Amino acid sequence: MDNNDFLGSFAQENVVFKTQVVKSVSVGDNFWKTMIFVEKDRFVDTSATDWIDAPGLTGVKCCSVSADTYASLTKGLLQSWLYDLFCNGFNGDCILVACAEKVAETETPGQEDTEAFINGMTDAYNALKAYAYHKTVCAGNDTRVLAPIAVALAKLCATDKQLLSSAPYYPYTTVTPETLTSDELYSALSTAKVDAFMSCHADTTRNGALYSLGLALANINGSGTPIGTSMDMIKSSMISPSGENGKNLSKTIRDTLYSAHIQTFKPIGDNTGNVAAMGDMTIQGDIVSASWIIAYVTYMSKVRIAQMITVPDFLKNAINYGNIVSVLNIYLPMFGVDGSGRLSGINISAPAFANLPSADKDEIIIPNAWSATYTDHVRKVQITGSLYIGA
């Protein structure tokens, strides 16, 4: 045995070596994740080992799927919706949340079954909403999401629209798209005065809204993230125009849907077969990409400021106030002219410390802290010219 003289040595007794364990975290990645609420036994098998118990909830199971795994872990309508999300190269995660038992298989499901699912979804949403910004639900029937369930999720997302949740992503699939109220989901959402991002396609197995989200998530913009990437005007080949049997809808119908803030797909016109969507607003008129940016800047600023104020002796003074305001200079430029270009004229307009409104001795209130102009996508180009013919 080799001579080991460490015990009682200078190395043991005279040299102090302390190592601090620092946890590595990824703050903000929830803004490029998607969450889909599902029933336990319709499109998934929650007994599979990939499913885990949801933190803090009883009887709720979660499973994270990717482009490589979703096909083996799902079936039916949910699988085809996930195809739309992943088919254009998005390589992030989608969190499936099985939050209640299967709703009864009838044309008009029992109210108790539907309400039980909505209650389970509500509990799961409240516990898990911070895990993914983009949300939808695929539940209630083998071929469609039931309207009361879609409305219930839209109401939940509305309570967090400024921070943790986008409007939910739903298909618009009526056989008479020119009659808006003929679509069960659109009619129910409009009656309830709640919001959603809807995309029209005659194929009832497709979710064009998730398709457009997947395209956006697959494109990293100048911010270094996909946040704020356009939800329309991106050419692709993995979906057809919105009409029946892959044909283009008439311009009259497309104009009707565009006015109602329902997205449609039409050909590029270059004989490649590629299509692009037109329409990036929710049915209540919010621009999805703009809301996405605002929520991300708000979230990241809240986290960064929370880290700043939770240290010893972070006092209410001009220096610390300046440090708080400087947080905006970290995140807003990500989307400015040197970032994604979505925000122009960024102006940090927070008042001087001496000019702040009165507040409690341990509180700082900052009015009118910043402003910017949102830069939209080009959707129309008009060119005029003159042709001169000599005599």
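Student: Is Arg 42 buried or exposed, and what is its relative accessible area?

Tutor: This is a predicted model, where local features need pLDDT of at least 70, side-chain atom pairs count only at pLDDT 80 or more, and totals for chains, interfaces and linings use all residues. Residues are numbered from 1 along each chain as its sequence is written, and side-chain values use heavy atoms, with hydrogens and water left out. Buried means under 20% relative accessible area, exposed over 50%, and partly exposed in between (1.4 Å probe, protein chains only). Arg 42 therefore counts as buried, at 4%.

Student: Which residues are linked with Arg 42 in a network of salt bridges?

Tutor: A salt bridge here is a side-chain nitrogen of Lys or Arg within 4 Å of a carboxyl oxygen of Asp or Glu. Arg 42 pairs with Glu 39, with 2.7 Å between the closest N and O atoms. Arg 42 also meets Asp 142, at 2.8 Å from N to O. The residues linked with Arg 42 are Glu 39 and Asp 142.

Student: How many residues apart in sequence are the parts tied together by Asp 142 and Arg 42?

Tutor: Helices (H or I, at least four residues) and strands (E, at least two) are DSSP runs, numbered from the N terminus. Asp 142 sits in the loop between β5 (134-138) and α5 (147-158), and Arg 42 in the loop between β1 and β2 (52-53). The pair therefore ties together parts whose separation in sequence is 100 residues.

Student: With which residue does Asp 84 form a salt bridge?

Tutor: Asp 84 belongs to helix α3 (residues 76-86). Its partner lies in the loop between β7 (197-200) and α7 (208-217), 122 residues apart from Asp 84. The closest N and O atoms are 2.6 Å apart, and the partner is Arg 206.

Student: Which residues does Val 27 touch, not counting those up to four places away in sequence?

Tutor: Val 27 lies in the loop between α1 (10-13) and β1 (34-39). Its C-alpha atom is separated by 7.5 Å from that of Met 300, 273 residues apart along the chain. Contact means heavy atoms within 4.5 Å. On that basis Val 27 touches Tyr 299, Met 300 and Val 303.

Student: Which residues touch the most other members of the largest nonpolar core?

Tutor: A nonpolar core is a set of buried Ala, Val, Leu, Ile, Met, Phe, Trp, Tyr and Cys residues joined through side-chain atoms within 4.5 Å. The largest one has 96 residues. Those touching the most other members are Phe 37, Leu 82, Val 97, Val 137 and Ile 149.
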